[in-house]
Each structure stands twice: as C-alpha cells, then as structure tokens.
Amino acid sequence: MGPVEFRLLRDLIHEHCGIYFRDELRYLMERRLGPRLKVHGLADFDAYHRFLRYDAQRRAELDSAVEALTTNETYFYREPHQLRAFASEILPMLAEARQRERKLRIWSAGCSSGEEAYTIAILVKDSGLFEGWDVNVYGSDIARRVLAAARSGAYGGHAFRAPEAAAMKRWFRPEGAKWVVDDAVRALVSFGHLNLLDEGMMGLVGRMDVVFCRNVMIYFDIPARKRVVRMFRDKLADGGFLLLGHSESLLNVTADFQLVHLRNDLVYRKPRPTP
Amino acid sequence: MTGPPEAPGRTPVPSDPGEELRYQAVARLDPLQPGGLERLAAVLADPSWRVRMAVVERLLSHPDPAPVLPVLFQALTSAAGAGTRNAAALALARVGAAAVPALLERLGPGPSEVRTTAAEILGGIRDRGAARALSGLLADADANLRAAAVEALGKIGGPEAAQALLGALDSGDEPLRLGALDALERLRIAPPAARLAELSRVRALRRPAFRLLGLSDEPEALRILAGGVADPSRSCREAALIAVAQLAARRSPADLAPLAAGVRDAALGEPSLPAWAEEAVRSEDRRVAEGAVRVLAWLGDPSRAPAVAEAAEDEDLRPAVLEALRDLGPGTGPALAGTLPRLSPGARVTALAALARLGDASVLPDLLAMAAGEDEALRGAAVEALGRLGDLRAVPALAALLDHPDAGASGPAAAALAALASRGRATRAEVLARCRPVPEGRLPAAQLRLLGQVGDAADLPTFHRALRDPRPATRVAAAQALEALAARRIGEACPPALLDALDDSVPAVRAAAAEAIGTLGQAARRPGGTGLPEEAARELAATLHDEEPAVRAAAALALGRCGRFEHVGALAELAGAAGAPPEVASAAVRALAEMGRAEPAVLERAARHPDPEVVKEAVAAAAAAPGGAAGELLLDAASHPRWDVRRAAARAIAARGDPALAAAARRLLEAEEDPMVAEALADAVRVLERRPA
C-alpha cells in the first residue's frame with residue numbers, strides 16, 4: 001500500500017465512520033485490509049479504493065473494512081495495574097456512593113470479543129460488594145463479528161495468558177477446547193453494536209458509573225477524541241470514573257475530568273457538582 | 001487546600017473542593033465582555049491545572065488574538081508560578097502565527113527564561129519563518145537557550161532548520177550535538193553516514209547516531225550498523241536494532257544483503273550476539289523486537305526459531321516473524337515442534353505459514369484444522385499457507401471451502417488452489433480434477449472463477465451453461481471466468497449466452513458480461529484476430545444507456561478496450577455530461593484515452609466534474625493530449641482543492657514533459673503546502689527544467 005492509496009483509503013474510512021489512522025499506522029491498514037483484496041479478487045489497493053467508492057457493495061464493504069481495521073486481539077485481565085485500581089479502590093468507592101440505589105452500571109466501550117467486559121464483571125462479583133444489586137456491564141463495539149464472539153462467551157486457553165487471569169477460570173467451565181463463561185457472570189453482561197462517533201446511537205446508552213475506553217482513542221483524531229470524551233462526560237454519573245489505556249491521556253483533549261491519583265493507578269473522574 | 005483526614009487504607013479523593021466551582025465559573029466567562037479578558041487573566045494563576053486549562057480555552061475563543069496576546073505574554077513573565085507560565089505558553093502555541101512576531105522579539109536580549117520559553121513556543125507553533133532566528137541561537141552563550149532552540153528547530157523543519165541542525169553537529173558542545181541528532185531524527189533527516197560513523201564513536205551520541213543510520217540509504221550506513229548490533233552496550237544495541245527495523249520496512253532484502261552479511265561477520269567476533277538478539281526479541285519496544293527478529297533471521301540459526309515464533313504474539317510483528325522463520329530454513333520445523341502448541345492461535349498460524357513456505361509438510365494437519373475452523377482471520381491465513389505449501393493433500397479441503405457462504409473463506413480458497421495449480425502440470429491436473437464439475441453439476445461462484453484462472457477451452461461449456469444458472473452470483477462468476485479465459489487468449493469471439501447476459505435482470509451480471517466482452521474484444525484485436533463481432537459491439541453500445549451506472553461504466557471501458565472508434569461520440573457525451581455518475585464519466589474518459597481520442601474539450605468538461613476521480617482521469621488523459629489547452633487544464637488541476645487531484649496533475653505535468661510549463665510548475669511548488677503534492681511538483685520541475693525549451 002503506497003502512501004497515496006493509504007491516504008485515500010484513510011480519508012474514505014474517516015468520512016464513513018470517523019475513525020482516523022495516523023501516518024504511523026499505514027502498516028496496520030495494509031496488513032488488515034490486504035485480505036479484503038483477496039475476498040473481492042482485486043489487484044491492488046488502488047482498485048480497492050475505487051471499489052469502496054463506486055461498487056454496489058461498497059457500504060457493506062466499508063463496514064467490513066472498519067471491522068478488519070478495528071478488531072484487535074485481546075485477553076482477560078489486560079493492564080493489571082488499572083484493573084487492580086478498579087477492583088480494590090474504585091469499586092469500594094462506588095459501593096459506598098451508590099448504596100442507596102444499589103445499582104451499578106459499567107461500560108466497556110470498544111469491548112472487542114468481550115474479554116474486558118467479562119473481566120470487569122468477574123471483578124465485580126469477586127469483590128463481594130454488590131450482591132443483590134442491579135449490576136450491568138455493557139460492552140459495545142463497532143465491529144459486529146467480535147460482538148458475536150463476545151456473546152458466545154467461549155474462549156481458548158490463550159485468552160487467559162495474563163498471570164492474574166488464571167484465577168478467573170473458576171468462573172468458566174471447560175467445553176471441548178474452549179472455556180465458556182459461567183451463567184452467573186454472563187447474567188451481568190450485555191453487548192451491543194455502537195460507533196462511539198455516531199451521536200444518534202448514544203441514546204441507547206444510559207447513565208454510567210464507570211467507562212472503560214482502552215486503546216480505542218488511537219483510532220480518533222483530536223476533534224473526534226474531544227467529541228467522544230464529551231459524550232463520556234455526559235453519560236457518566238457525577239463522581240463517575242473514566243479509565244483509558246495506559247498510554248492514553250486527556251491532555252490536549254479536555255480538562256473536564258479530574259485526574260485522580262489512586263494507589264495503583266491514575267484515573268479520570270467526572271467532578272461532583274459543588275454544593 | 002486540604003480536606004478532612006482520610007480513614008486508613010482509603011483512597012484519597014481530590015482535595016480542592018472549590019475547584020469544580022471555579023472551573024464552571026470560568027466556563028461562563030466571556031472574553032468579549034468588558035473586563036472579560038482581565039477577569040480571565042486573573043484566574044490564569046489558579047492552583048488547579050483544570051481551571052487554568054479552562055481559562056486558556058476561554059481566551060482562545062476570542063476571535064481576535066491581538067487583545068489576548070498581551071494577557072498571555074504578561075502571564076508568561078509573571079511570578080505566579082510554573083503552572084501559570086505553562087498555561088500561557090500552551091495558549092500562545094495555539095494562537096499560532098499571530099504570536100510569532102512578539103515571540104521573535106523575545107528571543108532577543110533579555111531574561112534567559114523569557115528567551116527560552118519563547119523558543120519553546122516557536123517550536124510548538126512550527127512556523128518556518130522562525131527558523132533563521134532560532135538557528136542564530138545555536139551559538140548563544142546560554143546552554144538552556146541552545147537546547148530549546150535545537151529542539152524547536154526539530155519541530156519546525158524545513159531546509160533552513162535542517163541546515164542549522166546539520167551544522168550543529170560540528171559544534172564542540174556535546175549536549176547541542178545530542179539535541180541536533182534527536183531533532184534530525186524527528187525530521188527524518190539522516191546526516192552523511194561517514195559523519196554518523198564519527199559521531200557514533202562518542203559514547204553519549206552513539207544511540208541517536210545509530211538510530212539515524214536507519215534513515216540512511218548509503219551503503220556505508222549498513223556497515224556501521226552491522227557493528228552497532230554487536231555493541232557492548234545494550235541501549236546502543238537496541239538503538240541499532242531500531243535502525244534495522246526501519247531499514248527493513250523500506251528496503252528490499254536484496255538491498256539489505258550487505259547488512260545481513262555484516263551482522264554474520266559481527267557474530268563471529270562477538271559470540272554473545274545471538275543471545276543478545278534473542279533477549280531483544282522480548283523487548284517491550286516493538287521496533288527493537290522487530291530489529292532483533294531480523295537479526296536472528298540473518299544469523300540463520302534454526303535453534304533460535306522458538307524465540308522468533310514467540311514474537312508473533314505481538315500481532316504487529318507477524319509479518320517480520322513470518323519472513324524470519326522462512327529465512328531460518330529447513331531446520332525451523334523441528335526446532336518449533338515444542339513451541340507451536342504453546343503459541344496463541346494467531347502466532348501459531350504465522351509459524352505454520354512460515355513452515356508451509358519452507359515446504360514442511362508436517363504442518364499440513366494443523367493448517368487443515370485451522371482452515372476448517374470458525375475464526376475468519378486464522379482460516380484465511382491457514383488457507384493462504386496451504387496454497388503456498390503446495391501439498392496436493394490440501395486440495396480436497398480447499399475445494400470444499402469454495403462453496404463456503406463466507407466470501408472470506410471461498411475467495412482465499414480459490415486463490416490458494418490457483419497458487420497450487422500454478423506450481424506445475426501435476427498440481428494443475430489435480431486441482432482441475434477436483435474442481436471440474438460432474439456433468440450437469442452446479443458450481444459455486446468461487447469454483448467457476450477458479451476454473452476461469454486455471455481451466456482451458458474444455459471448460460467453456462460449463463461457463464456457457466452457468467451463464468443461465470438461476471443464481472445471479474453464478475452468472476456473474478461465469479462471465480468473469482470467460483473474461484479470465486479471454487485474457488489468456490482462450491475461447492471464442494463472443495458466445496451468444498454472454499450477449500444475452502447484457503440483458504440480464506441483475507445489474508452485476510450485465511456489468512460482468514460487458515467486462516468480459518471487452519476483454520474478448522481486446523483479445524480479438526491481436527494480429528490475425530477478427531475483431532469483436534458487429535453484433536457484440538452494437539449490444540455493448542446499447543448498454544451505454546443501461547439504467548445502472550456500474551453497467552454503463554463497464555460498457556464504456558469495454559468499448560475502449562475493443563477499440564470501437566465509431567462510438568467515440570457516445571463516450572464523449574458520457575465523459576462530459578454534467579451530473580454524470582462519477583464511475584460512468586471516469587470510465588468514459590479512460591476509454592477515450594485508451595483509444596487516443598480524448599479531445600481537450602471533452603477533458604475540460606470532465607475536469608470540472610465534482611468527483612475527484614473523474615478529474616484525475618481527465619488529468620491523466622491530458623498528459624498525452626495534444627495542444628496547449630491540455631497543458632492549461634493540468635495547471636488548473638494543479639490548483640484543485642483536493643490534494644490527490646493536485647498530485648495527479650503534478651505527475652501528469654511531469655509526464656507531459658513540456659518545458660513551457662516549467663515556470664508555472666515552479667510557482668505552484670512554491671505555494672504548495674501539502675508534502676505529497678510538493679514532492680510531485682518538485683519532480684515535475686526537475687524533469688521540465690532539464691529539458692531544452
């Protein structure tokens with residue numbers, strides 16, 4: 001994929017769904033879209049660009065391209081520091097703050113094949129702080145195929161490669177070569193198709209206590225990041241938490257969130273209104 | 001401001017309870033109101049970074065930077081604290097060009113901190129007009145200012161900055177030289193390799209010097225780098241490995257052969273090199289890991305294959321791992337036997353694919369299992385690997401995938417079978433035996449297309465029959481198969497079934513039929529050929545009026561390939577029609593260009609089309625069109641709002657080779673801001689100015 005084809009395809013995809021690939025990610029786009037040429041019998045990326053502009057199947061193919069570009073391999077208990085902060089510090093705070101409503105809502109924005117959402121649900125269960133509460137972990141993603149995998153709740157052994165994930169297996173039962181999530185955890189989790197940049201879809205998302213949005217913003221340019229973070233701010237309850245990937249920050253994006261120094265990690269928090 | 005003491009073990013919450021109140025209050029301040037700027041200026045000294053950022057946003061919302069600048073410059077020099085000064089600096093960088101004159105003034109004699117901050121902000125603004133002034137600071141007595149200036153030049157870029165940075169390498173000031181190297185790396189400018197060799201002998205400069213070798217195209221750079229990967233210092237080795245990864249990304253294996261040989265020589269002198277490289281494969285820095293994978297491949301020791309294969313756990317390293325495992329050679333398979341089961345599916349299929357390329361038949365069962373699996377990405381990779389393996393035992397499984405409902409499976413399976421068939425007569429015969437239908441049997445679309453690629457005249461009846469299949473996808477595939485045969489010069493002039501397909505109820509079938517007829521007609525134009533039958537040409541011309549744009553476009557292209565000059569008028573009408581669907585107009589322009597009949601008047605109308613692809617077709621055609629009007633068209637297009645149109649115009653200007661356009665091209669180059677377009681214009685100017693007028 002030459003620089004011209006990359007730029008043309010990038011602009012087309014950006015126009016379609018708002019996702020933006022920085023110049024450094026050209027290699028990723030080439031690798032992820034290469035198989036699409038074979039699917040359609042196209043000779044090169046120039047032909048693919050024309051296909052995406054004019055072919056009768058272009059809209060479906062644009063969706064397939066976006067799926068191919070945004071689907072990343074993931075695993076349980078990814079970024080352990082942050083998850084420890086979530087389990088040992090954020091959850092107790094929320095248990096106290098929400099003890100009257102006994103309701104907890106968490107959003108895994110960009111959930112891919114569901115490992116993050118199920119990890120969160122297991123941490124909630126393991127905390128023992130929310131028995132009898134109305135708990136929902138909502139996993140959303142722009143790619144429909146990974147959501148199907150998420151809903152199946154069945155994972156290979158390699159999904160548990162993080163050291164902390166081994167202990168999570170008690171919430172799974174073996175079925176053939178796979179591990180299937182226990183119904184008690186599955187009951188806490190739901191999945192839905194969402195493009196974070198599509199404001200029309202945001203009406204489907206209710207008030208949240210925690211938003212996980214890890215390694216998703218790399219696909220957005222600055223204006224798109226600002227829009228998404230503004231939306232997260234609007235969706236979060238006062239005092240709610242926003243957790244980003246370890247290499248991501250809100251610097252140059254917004255100052256709407258407080259930066260909170262937890263013992264295990266730095267996280268962002270929507271301020272409470274001052275009385 | 002602190003809150004009440006927290007209970008032991010509890011996480012402290014933010015201890016400035018008034019912060020949110022102040023933050024919200026700032027958001028309501030209007031800089032345009034009387035006193036608004038002064039009120040905002042006062043809050044710029046707030047202890048909270050959030051409040052200060054909110055002030056910055058409010059200040060920047062003022063439509064005119066002129067009244068805001070004094071507020072910011074006052075804050076920059078205030079005693080209020082680093083947070084306030086940083087906020088002001090951030091704001092000035094965002095103000096941009098309007099702040100540059102005042103910043104340049106502050107580079108002059110004055111407090112060191114003011115000058116340094118001004119240099120930093122100019123770097124943030126990236127205005128090339130500041131390069132000269134900043135270059136002059138590289139010899140300033142103030143070390144902090146020199147450092148700020150060199151860093152700023154590294155952000156600004158441009159010829160003046162580059163020259164200054166290269167000059168700074170001759171300075172006796174080592175921190176300055178280090179800063180210059182870092183800045184050059186940021187700008188992706190490699191100093192001469194001999195210079196880098198000298199600089200790499202200075203310990204503090206070795207790492208950036210090695211990294212810059214990755215940007216050099218000089219043969220000498222490869223020699224130096226080969227020594228770098230065996231450096232006694234780990235951090236220097238890692239810098240060299242980063243350079244290796246950069247080179248591997250943009251140079252061919254043949255280009256890098258001297259580096260590979262140099263690395264092997266280095267290993268002879270440094271027995272620890274393989275172990276070092278194996279350790280570096282596990283680096284968290286992906287560039288280091290990739291460089292290490294390449295080095296292990298060059299060292300050629302299959303016993304290192306497990307470490308290389310494990311690097312494929314990082315998805316981004318898989319292409320490098322695939323190449324490296326293949327390059328390690330036949331011993332790789334046995335070396336990986338114990339590792340493969342431990343790898344994740346994605347990493348495992350990479351390793352298997354590499355072994356398949358080595359012809360290691362032991363991977364066949366694993367690949368067949370993955371090809372039959374549910375994971376699309378794994379299935380695709382496994383199918384491709386089966387095609388490369390060349391083992392006929394894969395044919396039944398691949399043939400079974402031809403009927404898979406997911407084109408992501410059937411398409412790659414067909415490609416893999418075609419790859420197998422291309423290996424020789426025996427494999428071709430096996431593929432055909434498996435993929436040719438039983439009499440009256442129905443074939444899936446992917447199978448038909450495959451037969452079009454690998455079959456022969458014996459398959460024509462199958463395709464003709466399939467053109468009347470009740471399934472549209474089959475009819476499309478049949479037309480495509482006929483086209484593929486025609487491209488290999490197999491098949492009759494134009495079967496009746498194909499002409500009938502021009503009237504098919506499904507647009508995709510009509511379009512495929514038009515394309516196939518076009519290729520048949522093109523083949524029929526060869527010496528000794530009879531040309532496309534008149535009936536076929538008439539039917540194609542009638543298809544120019546099809547209701548579907550894709551079909552009209554296919555018909556236009558087909559007429560161009562067939563060389564049917566009697567339809568030039570109809571094509572010109574399609575090319576220049578206002579509001580013509582872009583795919584139709586593009587195709588018509590291309591068809592006219594292919595026939596050498598793209599008249600300037602038609603091209604001018606096409607060049608005014610709102611779709612850039614049509615304009616680019618017109619521009620491409622204008623490169624070869626006679627007359628001054630074509631040149632004018634290109635110069636106009638070189639000012640188009642779209643970068644890709646301007647670039648296409650620049651390339652067409654170069655291709656046209658008319659020295660009369662040189663001066664205009666140079667003016668366009670001087671005004672062009674887009675780097676890709678500027679590069680194309682620079683090429684055009686070079687070409688045109690070399691030609692005699």
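Me: How many residues does the contact take from chain B and how many from chain A?
Reply: This is a predicted model, where local features need pLDDT of at least 70 and side-chain atom pairs count only at pLDDT 80 or more, while totals for chains, interfaces and linings use all residues. Residues are numbered from 1 along each chain as its sequence is written, and chains are lettered from A and ligands numbered from 1 in the order in which they are written. Two residues are in contact if their C-beta atoms, placed from the backbone, lie within 7 Å. The contact takes 30 residues from chain B and, from chain A, 24 residues.

Me: Which element gives the largest share of the side of chain B that touches chain A?
Reply: Helices (H or I, at least four residues) and strands (E, at least two) are DSSP runs, numbered from the N terminus. Elements giving two or more residues to this side include H1 (19-27), H22 (345-357) and H26 (407-421) of chain B. The largest share is 5 residues, and it comes from H26(B).

Me: In which order do the 3 strands of the open sheet in chain A stand?
Reply: Two strands pair if DSSP finds at least two bridges between them. S3(A) is joined to S5(A) by 2 bridges, and S4(A) pairs with S5(A) over 4. Both pairings are antiparallel. S3 (154-155) and S4 (172-175) have a single partner strand each, so they stand at the edges, and the order is S3-S5-S4.

Me: Which residue in the turn of the hairpin formed by S4(A) and S5(A) has a positive phi?
Reply: The hairpin has 2 residues between its strands. In the pairing, A:Glu175 stands opposite A:Lys178, and A:Arg173 opposite A:Val180. The phi of about 65° belongs to A:Gly176.

Me: At what angle do H11(B) and H13(B) pack?
Reply: Axes are lines fitted to C-alpha atoms, for helices over the stretch in contact, and angles run from 0 to 180 degrees between N-to-C directions. H11 (174-187) and H13 (203-213) of chain B have their axes 9 Å apart. They are roughly parallel, a word for angles under 35 degrees. The angle is about 20°.

Technical notes
Parallel < 35°, antiparallel > 145°, perpendicular 65-115°, else oblique.
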